[in-house]
Amino acid sequence: MISNLIAFLILLAISVAIPTILFLLLRSSLCDLLRHTLKLQGGVTFYLRSFLLVLYLAALSGAIGISFDLKPESHFMEFVWKGAAGVSSSLQNLVLFISLYLILITILIVTLKVKVDE
């Protein structure tokens with residue numbers, strides 16, 4: 001029982017760490033892109049916060065969908081494989097969300113394209 005809980009908590013920690021790293025890597029360039037496109041600080045803040053929120057929700061939904069119902073006498077590798085299935089599910093949800101967010105931002109840039117004065 002305690003092994004299942006520990007494995008689930010490790011999966012949750014990994015599922016929170018991955019979106020955090022992704023957000024930190026993408027934040028500055030996404031912020032610059034939004035500032036150039038929107039010209040409205042409230043809009044930039046909204047899109048950045050919604051991006052972070054949905055990153056976390058996508059990753060955690062993949063992790064919570066995995067149930068650690070292994071027997072107490074299970075070997076260590078069974079917990080590892082179950083955790084890997086949870087990380088795989090989280091990453092799958094993240095890739096899907098980032099793809100959809102990329103489409104949304106592309107549409108936003110095309111429709112709100114700022115004309116550069118030459």
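Buried residues account for 30% of the 118 residues in the protein chain, as computed from a predicted model. The chain holds three helices and zero strands, and its elements, read from the N terminus, follow the order α-α-α. The radius of gyration of the protein chain is 19 Å, well over the 13 Å that the globule rule gives for 118 residues, so the chain is more spread out than a compact globule. Along its principal axes, the C-alpha trace spans about 70 × 20 × 15 Å.

Among the contacts in the protein chain with a separation of 6 or more, 75% are accounted for by residues 24 or more positions apart. The accessible surface of the chain comes to about 8,000 Å², and 72% of this area belongs to carbon and sulfur atoms. With regard to charge, the chain carries 8 positive and 6 negative charges, the mean positions of which are 9 Å apart.

Helix α1, which comprises residues 2-38, bends by about 45° at R27. An α-helix has 3.6 residues a turn, so residues three or four places apart point the same way. After α1 comes K39, a residue whose phi is positive, near 60°.

Key:
Residues are numbered from 1 along each chain as its sequence is written. This is a predicted model: local features need pLDDT of at least 70, side-chain atom pairs count only at pLDDT 80 or more; totals for chains, interfaces and linings use all residues. Side-chain values use heavy atoms; hydrogens and water are left out. Helices (H or I, at least four residues) and strands (E, at least two) are DSSP runs, numbered from the N terminus. The radius of gyration is taken over C-alpha atoms; the globule rule is 2.2 Å times the number of residues to the power 0.38. Buried means under 20% relative accessible area, exposed over 50%, partly exposed in between (1.4 Å probe, protein chains only). Contact means heavy atoms within 4.5 Å. Accessible areas come from the Shrake-Rupley method with a 1.4 Å probe; for residues, only the protein chains shown count as cover. Lys and Arg count as positive and Asp and Glu as negative; His and the chain ends are not counted. The place of a charge is taken as NZ of Lys, CZ of Arg, CG of Asp or CD of Glu. The bend at a residue is the angle between axes fitted to the seven residues ending there and the seven starting there.
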